[in-house]
Amino acid sequence: MSVTLIARIKAKQGSEGQLEQAFHDMIKKVRAAEPGCQAYILHKANDDPTQFVWYETYADQAAFDNHRKTEHMKEMGGRIANLLDGRPQVEMLTELDRK
């Protein structure tokens with residue numbers, strides 16, 4: 001069964017644009033290089049422009065583990081470290097059923 005990650009990431013005030021651009025760059029890399037990634041969707045809160053939410057789904061745990069080990073993921077971590085207001089809040093989910 002697939003695994004899903006929901007991550008809430010808050011930008012430092014004034015860093016929203018830089019963080020969003022970094023995220024858009026990451027989306028292109030993930031979609032091009034990670035066939036095990038079934039969904040990699042970025043959201044921004046309507047009432048707080050500093051709040052971003054990721055919805056990611058991977059075919060299985062191995063695909064998610066691969067994502068975490070990619071060079072583009074390591075690069076992203078360094079690129080956004082100074083743009084964040086606190087640590088990301090991450091929730092992992094395991095799919096139980098699908099219609």
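In the predicted model, Tyr 58 touches Ser 2, Val 3, Glu 34, Gly 36, Cys 37, Gln 38, Tyr 40, Ala 63, Phe 64 and His 67, when residues up to four places away in sequence are not counted. The relative accessible area of Tyr 58 is 0%, and the residue is therefore buried. One of its contacts, Phe 64, is also an aromatic partner: the ring centres of Tyr 58 and Phe 64 lie 5.3 Å apart with the planes at 65°, so the pair is edge-to-face. Phe 64 itself counts as buried, at 7% relative accessibility.

Four aromatic pairs are found in a search of the whole structure. Among them, Phe 23 and Trp 54 adopt an edge-to-face arrangement, with 5.2 Å from centre to centre and 75° between the planes. Phe 23 is located in helix α1 and Trp 54 in strand β3, so this pair ties together parts that are 31 residues apart in sequence.

The secondary structure of the chain consists of three helices and four strands, which follow the pattern β-α-β-β-α-α-β along the sequence. The four strands form an open sheet with antiparallel pairing, in the order β2-β3-β1-β4. Strands β2 (37-44) and β4 (89-94) stand at the edges, and each has a single partner strand, so one side of each is left without a neighbour in the sheet. On average, neighbouring strands are turned by 10° against each other, direction ignored.

The pairing within the sheet can be described strand by strand. Strand β1 (residues 3-10) is joined to β3 by eight bridges, and the two run antiparallel. On its other pairing, β1 meets β4 in the antiparallel sense over six bridges. Ala 7 takes part in both pairings, standing opposite Trp 54 in β3 and having Val 90 as its bridge partner in β4. Strands β2 and β3 pair in the antiparallel sense over seven bridges, and a hairpin of six residues joins them. Within that pairing, Leu 42 has Trp 54 of β3 as its bridge partner. Trp 54 thus stands opposite Ala 7, is the bridge partner of Leu 42 and forms an aromatic pair with Phe 23. As for strand β3 as a whole, seven of its eight residues are buried, so the strand is largely enclosed by the rest of the structure.

The start of the chain was considered next. Met 1 is found in the segment before β1 and counts as exposed, at 62% relative accessibility. Its contacts are Ala 59, Asp 60, Glu 95 and Leu 96, not counting residues up to four places away in sequence. The C-alpha atoms of Met 1 and Thr 94 are separated by 7.1 Å, although the two residues are 93 residues apart along the chain.

Along the principal axes, the C-alpha atoms fill a box of roughly 40 × 30 × 20 Å. Buried residues make up 39% of the 99 residues. Of the contacts in the chain with a separation of 6 or more, 72% are between residues 24 or more positions apart.

Note on methods:
Residues are numbered from 1 along each chain as its sequence is written. This is a predicted model: local features need pLDDT of at least 70, side-chain atom pairs count only at pLDDT 80 or more; totals for chains, interfaces and linings use all residues. Side-chain values use heavy atoms; hydrogens and water are left out. Two strands pair if DSSP finds at least two bridges between them. Axes are lines fitted to C-alpha atoms, for helices over the stretch in contact, and angles run from 0 to 180 degrees between N-to-C directions. Contact means heavy atoms within 4.5 Å. Rings of Phe, Tyr and Trp (its six-membered ring) pair if their centres lie within 6.5 Å; planes under 30 degrees apart count as stacked, over 60 as edge-to-face and the rest as tilted. Buried means under 20% relative accessible area, exposed over 50%, partly exposed in between (1.4 Å probe, protein chains only).
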